[in-house]
Amino acid sequence: MKRSVRTAICSAVISLALAAPVPAAHALDGEPELLQVAYVIGDPQTLALEAEANSPITHVTAHFFPKGALQDAPEVYETDDFVQDGTQGPSRSFWHNAHPLLLPAFGHYRVTFDLTDADGDQTYGLWDAESFGGYFWYAGNARIEDFQATPTHPDYDHRTLTLTGRLTTSLPGHPEQRTPLADTPVDVVGSEVTTDEDGRFSRVLPVNSRFVDVSACAWASEDHYVACYQDPDIVSTALAPTRIQLSTAASATLDRGATVTYRGTAQVLTAAGWKALPAARVTLDIPPAARNGIPETLATATSDSHGAFALSTTPIASGHAVIAVDAEDAPFYGDSPHVPVSYTVVVRPRISVTGFSAKLDPRSRLTATTQLRAPAASVNTRVPAVLERSADGRTGWQTVKNLTVDLSHGSARLTTTVDKAPSASYWRVRLPGTPQLLGTGTDSLWVHRWPTRFAGLNASPEPVRAGGYVTVSGTLQRQSAAGWIPVSARQTVYIGFRRAGSSTTTWVGWVTTDSHGHFSTRIRDYHDGYWTARWLTDNPYFLQTVSAADYVDVR
């Protein structure tokens with residue numbers, strides 16, 4: 001039956017169970033007296049005792065009786081194999097058995113002692129009823145053998161420890177004989193495993209730190225004392241070298257207030273060679289020597305799954321820094337050598353941009369205008385400018401036109417046009433700058449007109465006799481948030497005809513739309529050709545439109 005409370009004791013020292021002095025069963029004044037009985041921690045087959053007499057004690061004999069046996073029951077074991085450990089004053093001494101006890105079976109025993117001193121005084125049947133609840137527990141001396149941690153130094157390619165060992169115990173009366181303890185729980189670094197038939201156990205331990213305390217303990221049971229193993233040498237990991245590979249230039253020149261970004265990859269040296277180091281902390285630091293012995297971290301980043309990183313900083317003055325892998329307490333790799341970088345901060349006057357406007361006419365022509373001014377009229381230079389557009393005003397800016405502006409007189413007005421511009425878009429002008437002038441740009445403007453169209457334009461009948469009437473009809477529509485809807489009533493639609501083989505369209509009539517945007521008109525036709533419709537508008541919200549042509553054969 002196992003004890004309900006498990007206690008792991010892993011040191012080997014003699015511990016005396018403190019109790020009040022034990023009265024001798026047959027002691028007379030001056031005769032030896034048993035003070036207390038103890039056991040040796042880690043050795044359940046050794047007894048220790050403390051005794052006192054008016055002269056040095058010279059002989060100790062112990063008698064063992066089964067727990068619960070009657071007072072006159074025969075003893076099951078007797079030994080006088082006791083040696084003295086030391087003394088305290090002239091009358092008190094300490095003793096323990098010199099060799100393991102050889103009791104016939106494991107279990108609890110009542111123990112009495114016979115003591116003899118140098119004067120020949122003797123006391124018999126002394127019993128410590130206080131220590132151990134009055135009974136001595138005789139158990140197998142369990143032991144963990146062949147405990148090993150593999151590999152001896154985990155590394156980047158081997159991130160687990162395999163801990164193995166064998167749990168054995170002694171036999172009753174035969175402490176020199178070892179036998180395996182099967183199906184017994186063993187605590188291996190905080191997790192419980194169970195021994196096999198040969199007493200062997202194993203646990204795979206993930207390594208998450210540079211130093212690992214490895215230990216194993218088998219708990220006490222009814223027949224076996226606790227056994228523990230603790231490696232005196234903590235297992236340490238092997239730290240792989242690391243390095244930084246920059247993909248951007250190590251030196252940069254930038255304007256004050258601008259941000260410089262250094263990109264690269266963190267790498268680690270493995271058995272297969274250099275490879276990407278993911279999830280590594282990479283730092284951009286000003287060395288201590290550059291700041292009177294005080295280091296400063298400008299930026300930190302964590303490398304991605306490919307080891308890539310980006311470090312950004314906005315320096316206020318020119319300087320030098322270093323980039324490195326900061327391993328901190330990473331279990332399998334160390335800090336990398338420093339990679340030096342530098343940045344030069346320059347101060348350039350900025351071009352002033354004011355009064356930006358962008359307008360879209362009914363024919364889809366965009367006109368963009370802005371006023372540019374150099375910081376000083378003496379600046380004799382031509383500066384580049386870029387007209388750009390974006391669908392949402394935040395991303396996807398596209399270059400529409402590359403321009404050049406003459407600022408030799410200190411200021412200039414930039415005006416440019418774009419034919420067939422989109423009906424809805426954000427627009428801006430950006431100035432990249434020059435070596436003498438700092439670039440800038442305008443705010444973005446939203447420019448929009450609703451597209452229009454002719455739906456279902458038809459010229460009929462087909463064919464028609466020469467001089468007969470052709471009916472041209474269709475529907476004028478505009479786009480809205482809800483889709484295509486009719487343009488409001490009484491819109492003027494011009495009807496055009498282009499004779500077959502000609503490139504000139506003649507506008508031969510006009511018609512107005514009804515409330516549904518529909519129109520229809522009859523016109524004499526004398527020649528084969530193409531009929532079209534056109535809507536012209538000065539409404540600031542719509543684009544004008546021309547229909548596709550419909551061919552009519554005249555016979």
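I take a residue as buried under 20% relative accessible area, exposed over 50%, and partly exposed in between. The model I consulted is predicted.

**Entry 1: Asp-198 and Arg-166**

I looked up Asp-198 and found a relative accessibility of 31%, so Asp-198 counts as partly exposed. Its side chain meets that of Arg-166 in a salt bridge, at 3.0 Å from N to O. Asp-198 sits in the loop between β15 and β16 (200–206), while Arg-166 belongs to strand β12 (residues 160–171), so the pair ties together parts that are 32 residues apart in sequence. I noted that Arg-166 has a relative accessible area of 17% and is therefore buried.

**Entry 2: the salt-bridge network**

I next asked which residues are linked with this pair in a network of salt bridges. The network consists of Arg-143, Glu-145, Arg-166, Arg-178, Asp-198 and Arg-200. Within it I examined Arg-143, which forms a salt bridge with Glu-145; the closest N and O atoms are 3.2 Å apart. Arg-143 is partly exposed at 40% relative accessibility, whereas Glu-145 is buried at 18%. For the structure as a whole I recorded 16 salt bridges. Side chains of opposite charge can pair when their charged atoms come close.

**Entry 3: Glu-388 and Arg-428**

I then turned to another salt bridge, in which the side chains of Glu-388 and Arg-428 meet at 2.7 Å, N to O. Glu-388 lies in strand β32 (residues 382–390) and Arg-428 in strand β35, so this contact ties together parts that are 40 residues apart in sequence. Is Glu-388 buried or exposed? Its relative accessibility is 5%, and Glu-388 therefore counts as buried. Arg-428, at 22%, counts as partly exposed.

**Entry 4: strand β14 and its partners**

I followed strand β14 (residues 185–188), which runs antiparallel to strand β15 (residues 191–194) and is joined to it by four bridges. These two strands form a hairpin with two residues between them. In the turn, I noted a positive phi of about 50° for Val-189. Strand β14 is also joined to strand β18 (residues 215–218), by three bridges, and this pairing is antiparallel. Which residues stand opposite Asp-187 in β15 and in β18? In β15 I found Glu-192; in β18 I found Cys-217.

**Entry 5: two loop residues**

I located Leu-437 in the loop between β35 (424–433) and β36 (438–441). Its relative accessible area is 1%, and Leu-437 is therefore buried. Leu-437 and Ile-351 are 86 residues apart in sequence, yet their C-alpha atoms are 6.5 Å apart in space.

Asp-121 occupies the loop between β8 (107–117) and β9 (122–126). With a relative accessible area of 24%, Asp-121 is partly exposed. I also recorded its separation from Ile-57: 64 residues in sequence and 9.1 Å in space, C-alpha to C-alpha.

**Entry 6: a nonpolar surface patch**

Finally, I asked which residues form a nonpolar patch on the surface. They are Tyr-494, Trp-507, Trp-510, Leu-536 and Val-546, with about 500 Å² of accessible area together. I looked up Trp-507 individually and placed it in strand β42 (residues 506–512).

How values were computed:
Residues numbered from 1 in each chain as written. Predicted model: local features only at pLDDT ≥ 70, side-chain atom pairs only at ≥ 80, totals over all residues. Heavy atoms only, no water. Buried < 20%, exposed > 50% of the residue type's maximum accessible area, 1.4 Å probe, protein only. Patch = residues over 30% accessible without salt bridge, like charges linked within 9 Å, V, L, I, M, F, W, Y side chains within 5 Å. Areas by Shrake-Rupley, 256 points an atom, 1.4 Å probe, with all protein chains shown as cover. Salt bridge = Lys/Arg side-chain N within 4 Å of Asp/Glu carboxyl O. Pairing = 2+ DSSP bridges.
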